[in-house]
Amino acid sequence: MAGLLSFVHRSWQNAVGAPKAIKAGDAIKVGVLGAANIGPMALFTPARYHPEVIIYAVAARDRKKAEAYAKKHGIPHVFSSYEDLLASPLIEAVYIPLPNGLHLEWALKALQAGKHVLLEKPSVANAAEAALLFHHPLVTAPSAPVLLEAFHYRFHPAWLAFVALLDRPNVAHARASLKVPGKHMGFGAGDIRFNYALSGGALLDLTYTMSVLRGIYGAAPTACTSCEVDTMPSPPGDGLCDYKYDATWTFPNGGTGETHGNLQAGVLESLGDFANAEAVHRPVVVPDAALPGGLEKVRTRRVAYTNYIGPAMWHRIDVEDRFVVRKRGGGEVVREWTAKESKKAYTLRDAGIDRPSEPYWWTYKYMLDEFVNRVRGREGTGAWIEHEDSVEQAKTIDMAYAASRLPLRQTTKFDPASV
Ligand SMILES: NC(=O)C1=CN([C@@H]2O[C@H](COP(=O)(O)OP(=O)(O)OC[C@H]3O[C@@H](n4cnc5c(N)ncnc54)[C@H](OP(=O)(O)O)[C@@H]3O)[C@@H](O)[C@H]2O)C=CC1
Ligand SMILES: O=C1OC[C@@H](O)[C@H](O)[C@H]1O
């Protein structure tokens with residue numbers, strides 16, 4: 001009951017209850033490319049209680065649509081085209097929630113206009129595009145603007161607490177899932193997620209599960225050993241867009257992995273396996289000064305993080321340590337037991353980081369804070385998505401498509417040499 005009440009309280013505070021911030025005189029003016037559905041959740045709500053961020057303008061392909069969106073979300077300025085918005089000297093940073101196939105083009109154009117870029121996940125459509133973007137001189141120059149792939153879940157204290165419980169070199173198997181009841185969320189015919197020309201497909205849209213596996217191992221996979229996909233019937237999706245995938249992986253330490261994504265999950269399937277991350281370790285000898293000579297203590301750890309994608313609503317991190325005391329060198333077992341512990345980390349302090357934060361902050365607010373810290377050249381929590389991380393992520397998705405019966409996501413027709 002107490003858990004339910006705090007869930008309701010946190011959700012209410014995030015949505016409307018938290019006091020609006022008084023904006024600093026030098027707050028970053030952000031322009032938004034596209035009247036996208038995700039804008040309010042991923043940026044406008046957290047910006048409301050961030051003193052250094054003003055959602056200043058939006059541009060849409062249709063000005064009337066942009067005006068209606070601006071009115072609904074209290075955005076003071078409207079531009080008739082993405083180009084016009086980028087040309088505004090008052091705009092310091094740009095948020096890009098466009099279809100995946102347009103990310104490369106508009107990220108490069110925004111960077112060329114000197115804007116910092118918060119780029120929706122997945123950063124781009126494939127590994128070739130990732131190399132083009134993240135190795136581009138506009139990105140690698142010493143005073144280049146900030147460019148961040150918006151993997152919001154990596155910024156939440158619960159993720160930081162989960163990772164701190166891992167013994168990465170000894171992870172033996174990892175699993176990540178994301179099963180979304182898309183039919184009930186409007187992801188139907190015509191959605192960008194099922195449009196191959198816009199780089200649709202669940203492996204890209206639900207790219208999180210592969211990112212989670214890479215985050216658990218702290219390494220890129222060595223191979224995608226299998227990838228079964230189910231595709232949207234044609235039309236929509238041209239038969240080329242997966243709505244469901246089940247993939248298996250190997251990692252450099254010999255460990256294995258599995259990722260499961262479904263954009264058309266039933267409600268029960270989604271409730272049962274919505275956004276889970278799990279790491280099972282190899283047995284390792286752990287020090288215990290209290291043990292008599294000739295004996296050793298062996299720990300086999302399993303860590304499970306439930307709801308890695310929306311931890312501010314609710315999450316739990318379960319640690320299960322199976323201990324064996326045995327004769328040294330793998331001999332006779334003299335004692336065995338299992339220790340279980342459940343943890344939560346809603347604030348940075350809960351994760352052992354001595355910085356202010358609030359339990360109602362969503363993943364997006366933690367990410368926005370770090371984005372602002374980078375833009376302002378300030379030290380942050382250390383949570384960040386490095387450019388090479390984004391490049392590795394795109395390579396990982398390509399590996400999955402290569403192991404499936406589907407083609408890689410198509411490269412944009414935009415000519416990067418034109419910027
Ligand atoms: N971080 C998160 O939690 C989430 C991230 N996302 C990511 O955000 C991005 C947008 O997703 P979502 O908000 O669901 O998508 P929407 O379809 O709601 O928005 C996409 C926007 O892209 C613009 N657009 C430009 N060209 C095209 C085109 N040819 N066809 C269709 N749209 C076009 C449209 O803008 P205009 O207004 O100019 O017409 C539209 O508003 C994706 O990259 C997705 O992966 C999505 C959901 C959650
Ligand atoms: O980023 C996302 O997260 C949640 C999913 O519902 C959505 O399809 C995806 O774009």
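Strand S11 and strand S13 (residues 295-306) run antiparallel and are joined by five bridges; strands pair if DSSP finds at least two bridges between them. In this pairing, Glu 278 has Ala 304 of S13 as its bridge partner. Strand S11 (residues 276-281) is also joined by five bridges to strand S7 (residues 171-179), again in antiparallel fashion. Here Ala 279 of S11 stands opposite Ala 174. The model is a predicted one, in which local features need pLDDT of at least 70, side-chain atom pairs count only at pLDDT 80 or more, and totals for chains, interfaces and linings use all residues. Residues are numbered from 1 along each chain as its sequence is written, while chains are lettered from A and ligands numbered from 1 in the order in which they are written.

The chain holds 13 helices and 15 strands, taken as DSSP runs numbered from the N terminus (helices are H or I with at least four residues, strands E with at least two). Along the principal axes, the C-alpha atoms fill a box of roughly 75 × 50 × 45 Å.

Helix H8 (residues 157-164) has six of its eight residues buried, so the helix is largely enclosed by the rest of the structure. Among these buried residues are Trp 159 and Phe 162. The buried residues of H8 pack against S11 and S13, and also against strand S14 (316-327) and strand S15 (333-343).

The largest nonpolar core has 120 residues, with Val 58, Val 94, Ala 107 and Ala 400 making the most contacts inside it. This core lies between domain 1 (2-152 + 409-418) and domain 2 (153-345 + 361-403), because both give residues to it. Such a core is a set of buried Ala, Val, Leu, Ile, Met, Phe, Trp, Tyr and Cys residues joined through C-beta atoms within 7 Å, and the domain bounds come from an automatic or database domain assignment.

Methods. A residue is buried if 20 or more other C-beta atoms lie within 10 Å of its own, exposed if 12 or fewer, and partly exposed in between; C-beta atoms are placed from the backbone. Two residues are in contact if their C-beta atoms, placed from the backbone, lie within 7 Å.
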